[in-house]
Amino acid sequence: MISTLSPKTLLTFEDYLAYDDGTDTRYELVDGELVAMPPESPQNLKLARWLMVQFLKYLPLDRVTYNTEVAVMGRRARCRIPDLLVHSEESLLAIQNQPRATLTHEMPPPALVVEVVSPGEANRSRDYRHKRTEYAARGIAEYWIVDPETRQVTICQWVDGQYEDIIFQDAAPISSTVVPELTLTVDQLFSMGG
């Protein structure tokens, strides 16, 4: 078990899985470096929870989750922790008896991941550019970018080997290929059903 690192130490994916600094800090792995994930805002947590409840109206309980890590592609080892994840049947089967909720490169991708954009330009860039590319390379069918600042939802849908973006705003009903029964507008999401 790795417990301390020098500032220049680059981790492999296996090192990341074994890393434990004795704290409750959550880390993503970006190009071999640990990146501490700051606590989410109460609004972002509420959005993710409310969206989870909506998904659970149409999907089995074990298919919808959070705090599941997803190994993604990059120049060096990378692992992301989306705000919300919907397993494909294959990814759910692959992770069933694992000691840790981590979808490795060898496992099938999840069906859908959701990121709720945190304030700040670096966070916007990370969610709109970097994670979009990483999730596309992983072949995830849908990547949702929920943006409280612009009050819009961008759904990146996997079509013929690449993502096509659909932007939903205001009273527009959100359309999902993964959760086709979903009846939810952007206004309802940002007012949390109100």
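How much accessible surface does the protein chain have, and what share of it belongs to carbon and sulfur atoms? The total comes to about 10,000 Å², and 52% of that belongs to carbon and sulfur; areas here come from the Shrake-Rupley method with a 1.4 Å probe, and for residues only the protein chains shown count as cover. The model is a predicted one, so local features need pLDDT of at least 70 and side-chain atom pairs count only at pLDDT 80 or more, while totals for chains, interfaces and linings use all residues. Residues are numbered from 1 along each chain as its sequence is written, and side-chain values use heavy atoms, with hydrogens and water left out.

On to the overall build. The protein chain carries five helices and 11 strands (DSSP runs numbered from the N terminus, with H or I of at least four residues for helices and E of at least two for strands). Its radius of gyration is 17 Å, close to the 16 Å that the globule rule gives for 194 residues, so the chain is as compact as a globular protein of that length; the radius is taken over C-alpha atoms, and the rule is 2.2 Å times the number of residues to the power 0.38. Along the principal axes, the C-alpha trace spans about 50 × 35 × 30 Å. Of the 194 residues, 47% are buried (under 20% relative accessible area, with exposed meaning over 50% and partly exposed in between, using a 1.4 Å probe and protein chains only). Take the contacts (heavy atoms within 4.5 Å) between residues at least 6 apart in sequence: 52% of them join residues at least 24 apart.

Now for the strands. Six of them make an open sheet with mixed pairing, in the order E3-E6-E8-E9-E10-E11; two strands pair if DSSP finds at least two bridges between them. Strand E3 (64-65) and strand E11 (162-169) sit at the edges, each pairing on one side only. Inside that order, E6 (residues 84-86) and E8 (residues 112-116) pair in the antiparallel sense over three bridges, with Leu-85 standing opposite Val-113 in E8. Another antiparallel pair is E1 (residues 27-30) with E2 (residues 33-36), joined by four bridges. Here Leu-29 stands opposite Leu-34 in E2. The hairpin of E1 and E2 has two residues between the strands, and Asp-31 takes a positive phi near 50 degrees in it.

Two loop residues also have positive phi without being glycine. Asn-67, in the loop between E3 and strand E4 (69-72), has a phi of about 60 degrees and is partly exposed at 39% relative accessibility. Arg-151 lies in the loop between strand E9 (142-147) and strand E10 (152-159); its phi is about 55 degrees, and with a relative accessible area of 41% Arg-151 is partly exposed too.

Leaving aside neighbours within four places in sequence, Lys-131 is in contact with Glu-28, Arg-80, Glu-115, Arg-126 and Tyr-143. Asp-127 is in helix H4 as well, and is buried with a relative accessible area of 1%. Asp-127 and Thr-104, 23 residues apart in sequence, are 20 Å apart in space, C-alpha to C-alpha.
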